[in-house]
Amino acid sequence: MTATAHRTQAQRREQTRTALLDATIDCLVDLGYARTSVQEICAHAGVSKGAAQHHFTTKAELMAAAVEHLTTKLRRRLAASLDELPGGGSGVAAAIDLLWTGYSGTLSTAVTELWVAARTDPELRAAIRPVDRALGRATLEHVTQVAGDLPPERAEMLFWLTVNLTRGLALDAELGGDPNRRRQLLDEWKRIAVLLYQDATAAPS
């Protein structure tokens, strides 16, 4: 009986935590960091401020946890999708498309808001940096597997070039840039990346 009650309480705590994290992401996307207060997040989540403080003691902690919550879901989706990709150059091009999808959209909007704020907020910067690095390391592991015979250092270079390109394109999208130009740039990078892959994996003559 006690064990059942304990599990139910744990489930309620997890539901409250998840509601706070989802509400944080929604507020970042809809309102921006400057207008996203803990009080606003609690209102969106339907949670009292006192209950929220049982889970997160500072706003920076809540923000970092929310990004980790979002990136964990993203990482799982990317891992499942990357594991299904074919090998060779076609797999490289498909992986770039997946990374673009993953690093744009909701994640890009939320993270951009936080990184801009983190420039002048050391507490926030310290909280979200490990989350960002963890996502990069985990995704790189899967990309390296897709790369097959590509030397690890070359796979890592292509990965980080892709991540930085897609982040730049995602910011361009946030600012209302030309979607046709973004697609052209992404297609050109895929063409270059496939050539680099083929060159690096070509058998020596």
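Colleague: In which helix is T166 found?

Modeller: T166 belongs to helix α8 (a helix is a DSSP run of H or I with at least four residues, numbered from the N terminus). This is a predicted model, in which local features need pLDDT of at least 70, side-chain atom pairs count only at pLDDT 80 or more, and totals for chains, interfaces and linings use all residues. Residues are numbered from 1 along each chain as its sequence is written, and side-chain values use heavy atoms, with hydrogens and water left out.

Colleague: Why is T166 called buried?

Modeller: T166 has a relative accessible area of 0%. Buried means under 20%, whereas exposed means over 50% and partly exposed lies in between (1.4 Å probe, protein chains only); T166 is therefore buried.

Colleague: Which residues is T166 in contact with, leaving aside its neighbours within four places in sequence?

Modeller: T166 is in contact with L99, W100, Y103 and L186 (contact means heavy atoms within 4.5 Å).

Colleague: What is known of A52, and how far in space is A52 from Y103?

Modeller: A52 sits in helix α3, residues 49-55, and its relative accessibility of 5% makes A52 buried. Setting aside residues up to four places away in sequence, A52 touches L20, C42 and V47. From A52 to Y103 there are 51 residues in sequence and 28 Å in space, C-alpha to C-alpha.

Colleague: Are C27 and C42 buried or exposed?

Modeller: C27, at 0% relative accessibility, is buried, and C42, at 5%, is buried as well.

Colleague: What lines the largest pocket?

Modeller: The lining of the largest pocket has 15 residues, and S108, V111, T112, W115 and R167 lie nearest the centre. Here a pocket is an open set of points on a 1 Å grid where a 1.4 Å probe fits, with protein on both sides within 12 Å along at least five of seven lines, and lining residues have an atom within 4 Å of a point. Helix α6 (105-118) is among those that supply at least two lining residues, and α6 gives the most, seven.
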